[in-house]
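Hi everyone, thanks for coming. Please take a moment with the structure on the screen, and then I'll walk you through a few of its features.

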Amino acid sequence: MLGESLLTLAALAGQMVVDAATSDGWEKAERGYAQLLGRGNAKQAKLARGWLEETREQLSRGAGADMGLVRTALAGRWAGRWADLLEADPDAEAELRALVQEAQAALPAGQVPPSDQAVSADGDASSYAAGPDHPGALATRSELAYSAGQAGDAAAARDQFATLLPMAERVLGPEHPDTLTNRHNLANFTGYAGDGAAARDQFATLLRARERVFGADSPDTLVARFNLAYWTGRAGDAAAARDQFATLLPIRERMYGPDHPDTLAVREELAYWTGCAGAAAAARDQFATLLSAYEEVLGSEHPETLAVWYQLAHWTALAGDEGATQD
């Protein structure tokens, strides 16, 4: 896991790629970035040059009010690439620092990078004026934390989001959409790391915030409702999870329709927690109905359809009809 200094370096390096792409010194910067990302591999260096050219083209086409969003998105993407490089090859740090300083020195006199960042006299990335609390750095940290969770390290993702959240609250505000997304990810990875009760409680708090900010029927709010019900069940209260999914189902049906994948996901969870709450026959019947919907929407051999087949067989057996599971 990268430390704060390297995360800040990755964030600044991502911003400097965007700055350099619209400057007269682009060709030199491009060679340096491609060489560093290539690490002696010609094929990898060619791929990096393609990424760099794509970035320059996107920036050359952009204009108007959305340009700031484009620059931010591209800087975040490049920050992730630099973070991946530093994770895989710690020896690349010194060279990346040097490239960042060269890129800053090549900027026209008096031009301040959009990130308002500057290198200290000793080149220490942790001393950049924007620092780890800059929104760009926060976005990079969020992406890296999420990547850790997706790679299977839920505890590391939980800890990174726990560290990031108070920074986001201070810089962006406690109910900024990005702050609430960090809350969402912290709650999920807390659960995946083994603490379902804490995840449940965090989603209960998040749900109230999303209702205030987005409204009761917004997609973000409904996702929070779904996760609250899910972790309520995982925390040991199957009946409460069943009741919460039962309440959510008509909302999803009204918003998306009865056969939308998000609606089917609620129906699947409702059937599962109905069974866990002690009603195996009801779960069996719900999965039987759900199976027909999945076959129609996704096809008979889709992984989700096969998972419903399994659940149908499971609850059929628990309902006392073991012979039916072999049909």
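Predicted model: local features only at pLDDT ≥ 70, side-chain atom pairs only at ≥ 80, totals over all residues.

Who is the partner of Tyr 272? It forms an aromatic pair with Trp 315, and the pair is edge-to-face, with 6.3 Å centre to centre and 75 degrees between the planes. In the chain these two are distant: Tyr 272 belongs to helix 12 (residues 261–276) and Trp 315 to helix 14 (residues 303–318), 43 residues apart. Trp 315 counts as buried, because its relative accessibility is 6% and the cut-off for buried is under 20%.

How many aromatic pairs does the structure hold? There are 11. Another of them joins Tyr 192 and Trp 231, again described as edge-to-face, at 5.2 Å centre to centre and 70 degrees between the planes. This pair also links distant parts of the chain, with Tyr 192 in helix 8 (residues 177–192) and Trp 231 in helix 10 (residues 219–234), 39 residues apart. Trp 231 is buried, at a relative accessible area of 4%. Both residues belong to one aromatic cluster, together with Tyr 146, Phe 161, Phe 189 and Tyr 230.

Rings can have charged neighbours too. Look at Arg 81: its charged end sits over the ring of Trp 51, 4.2 Å from the centre. The charged end of Arg 81 also sits over the ring of Trp 78, this time 4.6 Å from the centre.

Which of its residues are buried? They are Ala 45, Ala 48, Leu 52, Thr 55 and Leu 59. Seen down the axis of helix 3, the buried residues fall within an arc of 75 degrees, so they line one face.

Finally, look at the start of helix 3, where a side-chain oxygen of Asn 41 comes to within 2.9 Å of the backbone nitrogen of Lys 43.

That's my tour, and I'm happy to take questions.

Conventions:
Residues numbered from 1 in each chain as written. Heavy atoms only, no water. Buried < 20%, exposed > 50% of the residue type's maximum accessible area, 1.4 Å probe, protein only. Helix = DSSP H or I, 4+ residues; strand = E, 2+ residues; numbered from the N terminus. Arc of directions from axis to C-beta. Polar contact = N/O pair within 3.5 Å; in protein donor to acceptor, adjacent residues only side chain to side chain. Phe/Tyr/Trp six-rings, centres within 6.5 Å; stacked < 30°, edge-to-face > 60°. Lys NZ or Arg CZ within 6 Å of the ring centre and 35° of its normal.
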